[in-house]
Amino acid sequence: MSIYRSALLAAAVVASLSLTAACGDTDEPATSAQDGGTLEITHWDLLAPSYGAKMWATFQGYQQQNPKATLTKQEITRADYETTIKTQLAAGGGPDVFAVADTFLPELAEAGVLEPLDGVFGPDAKLNVTNEGGKWRGKQLAVTAQIAPYAFLWNKDILAQAGVQPPTTPEELVAAAKTIKEKTGITGFAVRHRIAEENPWWIDFNNWPQGFGGGWSDGKTLTIDRPENVAALKAYKAVYDSGAFAVGDDASTFRTKFKEGKLAMLIDATGAPTAMISDKVPGTSIMSSKLPFPGKNTSQVGIYFVVNKHSKNKELAKDFLRWLVQPQPQQQLSEVIGNASTVAVDTTVPEAYVKANPWVTAYRENAPYSHDAVVDGFEAKTPQIRHIVLQWIEKVLLQNVPPEEALAKAAQEAKAAVGG
């Protein structure tokens, strides 16, 4: 069978992955970590211009503990990440250790291509509760790389110039964006809104139903068209239509605009502020708060590290992760990615960093209220549900389909496709 013919169809790829996983039992016996070897590691953040090199330098610290180990990296952009990894795994290859988003983890777990990590971390490992998200049907398949909540961000200098206060409600958000555009000419607000960024858009958009007290399921039944979700989509559409929204901009574009002082407000995860600090927009000019929605809940970007079941260096890969979750590498990793996310063990934020970057506080405060974008009860079917829902949301934005109608149609199609 040819997996490439259907590489973009999740169900077909998962079937191919499962077949390959079944053949994986013929792999050569793993050597011990002390024998060393070459370990290939992949994470899309290794390409981050602001901290990718520092993240890689943190990983290379493992070579001091195990001089016989050599680390190499595979560089994959975020846009191509899932498709590339699935294709490599389906062919029996892929990196030894790689990052996976929490929305991607169930698909790989169900396909059986991840090496279990039960027993890898001893009693001295101080893994925090976020690592529970790395379990699948009772097995530990992943360890936390980063749990990143969202916050509402604004450039205080632009808001002061426009004479507006930071908005705390959806109506105030629309009004503030319009006023900023009218008085300064600067774009008022931006978030992801394009199907070309499907997976990250899904995670980003999850902020809206979460903030309105909604959600995609109750754990057993899909609730796509529940009233709270409709209200959230109406608010999203209102700011999109405000005339002060960054229509057409992908995340890279609107983050660059914020960095250049050409965007006033946005909703984004923890990695964004670090990447957007510049001479024009210093850390002290970036403010943050809970989302301007009725509730406290936010979405989150959950990222985990996993070991490839096909790896010829599984013991070395496990030893690398065992080292990585020690306090010192974890503190380094936390500081590299901006101190606002939760990593595998609890870390501290230096006081001097908070003073220079006041935006970090809201992220830490929002963390207990953050939720992943995996559809409870339909974990492995999330990609199918995601695609259906976002296609209908795009019709709301581009074709003015009423939100109630769009979510009703999405609910109908999703239930036909996956049940529930």
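Start by selecting Thr 223: this residue touches Gly 215, Trp 216, Ser 217, Asp 218 and Asn 229, leaving aside residues up to four places away in sequence (a contact means heavy atoms within 4.5 Å). You'll find Thr 223 in the loop between helix H9 (207-211) and helix H10 (227-240). Helices (H or I, at least four residues) and strands (E, at least two) are DSSP runs, numbered from the N terminus. Is Thr 223 buried or exposed? It is buried, with a relative accessible area of 16%. Here buried means under 20% relative accessible area, exposed over 50%, and partly exposed in between, using a 1.4 Å probe and protein chains only.

A quick word on what you're looking at: this is a predicted model, where local features need pLDDT of at least 70 and side-chain atom pairs count only at pLDDT 80 or more, while totals for chains, interfaces and linings use all residues. Residues are numbered from 1 along each chain as its sequence is written, and side-chain values use heavy atoms, with hydrogens and water left out.

**Next stop: the core**

Select Phe 59, Phe 189, Trp 208, Ile 224, Met 265, Phe 320 and Leu 321: these have the most contacts inside the largest nonpolar core, which has 114 residues. Such a core is a set of buried Ala, Val, Leu, Ile, Met, Phe, Trp, Tyr and Cys residues joined through side-chain atoms within 4.5 Å. Now colour helix H17 (residues 382-399), which gives this core its largest share, eight residues. Zoom in on Phe 189 and look for its contacts, including Phe 152, Trp 208, Phe 245 and Met 265.

**Last stop: salt bridges**

How many salt bridges does the structure hold? There are 17, each being a side-chain nitrogen of Lys or Arg within 4 Å of a carboxyl oxygen of Asp or Glu.

Select Lys 318 and Glu 115: their closest N and O atoms are 3.0 Å apart. Lys 318 sits in helix H13 (residues 314-324) and Glu 115 in the loop between helix H5 (105-111) and strand E4 (135-136), so this pair ties together parts that are 203 residues apart in sequence. Lys 318 is buried at 11%, and Glu 115 is buried at 12%.

Glu 315 is partly exposed, at 32%. With shared partners, the salt bridges join Glu 115, Glu 315 and Lys 318 into one network.
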